[in-house]
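I opened the model today to look up a few residues and the way the chain is packed. My notes follow in the order in which I made them.

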Amino acid sequence: TCALPISVIEHCVLDAEIEIGTGALCSCLRTARGLRRVPPNCLVQQLRLEDGRFVAFCFGLDDDLKGSASFLGRPFASKLWTAKLFRARDTPEEALVAVSALLDGSSIEEEQDTTAYSMADLVCVADKAADFEWRRHLERRVDLACVDDDDDSLRAVASRATSESIAELVDAALARSAYSAAARLAC
């Protein structure tokens, strides 16, 4: 049994109330809207697909992805690696609603429609560049949260940003009452 004394949250925006159990792992969630809870010792991760849709998937930390004994601590007959359990949706919120049904135990049946993917499928259709960009976006947001009225810190953040995001940096700096620093950057 894998039991972590803490929960791990990486590359996530938790913009809604959510219950995260001890030992849970949340990764790359673009929002928390649509996800009520992450049970203890469970993983929830979100991916963007190459076609622009989103999938959220979940597992128990003790689940054997290449085996077939259990899924989220409940008996499961199929191999988890090839079981089509995870539905693609148009928005991150809708993908989390779909995975919430699995986490709540209300829907642990393999899906027969074309919007359902297995882990083996997701490895092939995940948009890896979009996930990398998501992480860079969050890094920029963290950098902005650290910006104060110091001209040097604002320049350091701006030097890391792409040219498309400089306007975003200035807007965020203004919103954080850093008008004087933003004005110096624009000059």
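The model is predicted, with local features needing pLDDT of at least 70, side-chain atom pairs counting only at pLDDT 80 or more, and totals for chains, interfaces and linings using all residues. I number residues from 1 along each chain as its sequence is written, and side-chain values use heavy atoms, with hydrogens and water left out.

**Entry 1: Thr31**

Thr31 sits in the loop between β3 (25-27) and β4 (37-38). Helices (H or I, at least four residues) and strands (E, at least two) are DSSP runs numbered from the N terminus.

Is Thr31 buried or exposed? I noted a relative accessibility of 2%, so Thr31 counts as buried. The cut-offs are under 20% relative accessible area for buried, over 50% for exposed, and partly exposed in between (1.4 Å probe, protein chains only).

I then listed contacts, meaning heavy atoms within 4.5 Å. Beyond its neighbours within four places in sequence, Thr31 is in contact with Val13, Asp15, Pro92, Glu93 and Leu96.

**Entry 2: Leu65**

Leu65 is also in a loop, between β6 (54-60) and β7 (70-71). Its relative accessible area is 27%, so I put Leu65 down as partly exposed. With neighbours within four places set aside, Leu65 is in contact with Phe59, Leu80 and Trp81. I also checked Ala83, which is 18 residues from Leu65 in sequence and 9.7 Å away in space, C-alpha to C-alpha.

**Entry 3: the whole chain**

I counted 6 helices and 10 strands. Of the 187 residues, 41% are buried. Among contacts between residues at least 6 apart in sequence, 52% join residues at least 24 apart.

**Entry 4: the nonpolar core**

A nonpolar core here is a set of buried Ala, Val, Leu, Ile, Met, Phe, Trp, Tyr and Cys residues joined through side-chain atoms within 4.5 Å. The largest has 36 residues, and those touching the most other members are Leu35, Val44, Cys58, Phe71, Phe86, Val99 and Leu122. Two or more residues each come from β5 (42-48), β6, α1 (92-103) and α2 (119-125). The largest share, 6 residues, is that of β6.

I followed up Val44: among the residues it touches, not counting those up to four places away, are Cys26, Leu35, Cys58, Leu96 and Val99.

**Entry 5: cysteines**

With a disulfide taken as a pair of cysteine sulfur atoms within 2.5 Å, I found 0 disulfides. For Cys26 the nearest cysteine sulfur is that of Cys12, 5.5 Å away. Cys26 is buried at 0% relative accessible area, whereas Cys124 is exposed at 56%.

**Entry 6: aromatic rings**

Rings of Phe, Tyr and Trp (its six-membered ring) pair if their centres lie within 6.5 Å; planes under 30 degrees apart count as stacked, over 60 as edge-to-face and the rest as tilted. I found 6 aromatic pairs.

Why is the pair of Phe71 and Phe86 edge-to-face? The ring centres are 6.4 Å apart and the planes are at 65°, so the pair falls in that class. Phe71 is in strand β7 and Phe86 in strand β9 (residues 86-87), 15 residues apart. Phe71 is buried at 0% relative accessibility, and Phe86 is buried at 1%.
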